[in-house]
Amino acid sequence: MRKRIQNCIEKILPVDRFLILIFAFTFNSIVYSGSRIIAGDWHHYILTSRLDEEIPLIPESLLIYFGCYIFWAVNYILIAKQDEEKAYQFFLADMISRIICFLIFILFPTTNIRPDIVGEGMWNEGMRFLYQIDAADNLLPSIHCLVSWFCYIGIRGEKKISKWYQWASCTIAILVFVSTLTTKQHVMIDVIAGVIIAEGTLWFTRHTRLYIKYMCFWKGMSDKIFKMGGKRE
């Protein structure tokens, strides 16, 4: 059974890359939810600037705000399919970025003042739904912006990926930035911090050899999982 699962996975990705994809999603969820559990009732700082106050609420930008999850899934898979070295450098940077986010969420929790949503209609109902499911915390940095920028810089300059798609990814990432502001989910400094952390962590992992230990760990994990399964079959 495990052999069949392994064969199915390997048609898309090497098993170890599949595992780090699952881990990236899981770790992101732990960081986001865990920090909220810990610091949810603590004092939160408001970093709204005058420029943020001038940005209008545009409920229709929900389409980008929610639609970007598809963008994330596609690009993270593309990055996982890259050369081994680049893939592990990226996913190590991804993990380090979430550790940084967690520390900021705990040490300097932020919030913002959301507008009242008045009127009926699909988009206004969508805004109410968003505000209901996502509390106004864990704002600095914006993980939406962090992940979207990772989706671009993770393929930036990659020869195996067409230039038009690289530029399209950059454009989509910028549109996500805008959507976080026009849905009033984030403020400017949240966006800027997300970009800086993404660029900084990827630069770090591409200029050190720490990714080798990360790679060895996940290769070892994949070997243990499927070799153990093979022995029982």
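Arg 128 is partly exposed, with a relative accessible area of 27% (buried is under 20%, exposed is over 50%, and partly exposed is in between, using a 1.4 Å probe and protein chains only). Its side chain meets that of Glu 125 in a salt bridge, 2.8 Å from N to O (a side-chain nitrogen of Lys or Arg within 4 Å of a carboxyl oxygen of Asp or Glu). What you're looking at is a predicted model, so local features need pLDDT of at least 70 and side-chain atom pairs count only at pLDDT 80 or more, while totals for chains, interfaces and linings use all residues. Residues are numbered from 1 along each chain as its sequence is written, and side-chain values use heavy atoms, with hydrogens and water left out.

**Salt bridges**

- Arg 128 and Glu 125 sit three residues apart in helix H6, about one turn of the helix (helices are DSSP runs of H or I with at least four residues, numbered from the N terminus).
- Glu 125 is partly exposed too, at 39% relative accessibility.
- In total, the structure holds ten salt bridges.
- One of them pairs Asp 134 with Arg 36, and their closest N and O atoms are 3.1 Å apart.
- That pair links distant parts of the chain: Asp 134 is in the loop between H6 and H7, Arg 36 is in helix H2, and 98 residues separate them.
- Asp 134 is buried, with a relative accessible area of 12%, while Arg 36 counts as partly exposed at 23%.
- Arg 98 and Asp 94 make another salt bridge, again with the closest N and O atoms 3.1 Å apart.
- These two residues are about one helical turn apart, because they are four residues from each other in helix H5.
- Arg 98 is buried at a relative accessible area of 2%, and Asp 94 is buried at 2% as well.

**The largest pocket**

- The largest pocket holds about 830 Å³ of space.
- It is lined by 35 residues, and the closest to its centre are Phe 25, Asn 28, Ser 29, Tyr 69 and Trp 72.
- Here a pocket is an open set of points on a 1 Å grid where a 1.4 Å probe fits, with protein on both sides within 12 Å along at least five of seven lines; lining residues have an atom within 4 Å of a point.
- Helix H2 (15-39), helix H4 (62-80), helix H6 (122-133) and helix H7 (143-153) each supply at least two lining residues.
- H2 gives the most to this lining, with ten residues.
- Asn 28 is found in helix H2, and it is buried, with a relative accessible area of 19%.
- Leaving out residues up to four places away in sequence, Asn 28 touches Arg 98 and Ile 143 (contact means heavy atoms within 4.5 Å).

**Helix H7, tucked inside**

- Eleven of the eleven residues of H7 are buried, so this helix is largely enclosed by the rest of the structure.
- Among those buried residues are Ile 143, His 144, Trp 149, Phe 150 and Tyr 152.
- The cover over them includes H2, H4, H5, H8 and H9.
- Tyr 152 and Thr 171 are 19 residues apart along the chain, and their C-alpha atoms are separated by 8.9 Å.
- Thr 171 lies in helix H8 and is partly exposed, at 45% relative accessibility.

**A buried loop residue**

- Thr 183 is found in the loop between helix H8 (163-182) and helix H9 (188-206).
- Thr 183 is buried, with a relative accessible area of 0%.
- Not counting residues up to four places away in sequence, Thr 183 touches Leu 57, Ser 61, Leu 62, Tyr 65, Met 127, Leu 130 and Tyr 131.

- Tyr 45, Ile 99, Leu 103, Leu 107 and Phe 108 make a nonpolar surface patch of about 470 Å².
- Residues in such a patch have over 30% relative accessible area and no salt bridge, and their nonpolar side chains (Val, Leu, Ile, Met, Phe, Trp, Tyr) are joined within 5 Å.
- Helix H5 (residues 84-107) brings the largest share of the patch, three residues.
- Ile 99 has its place in helix H5 and counts as partly exposed at 38% relative accessibility.

Key
Patches are made of residues with over 30% relative accessible area and no salt bridge: like charges are joined within 9 Å, nonpolar side chains (Val, Leu, Ile, Met, Phe, Trp, Tyr) within 5 Å. Accessible areas come from the Shrake-Rupley method with a 1.4 Å probe; for residues, only the protein chains shown count as cover. Grid points are joined across faces, edges and corners, and a volume is the space filled by probe spheres set on the points.
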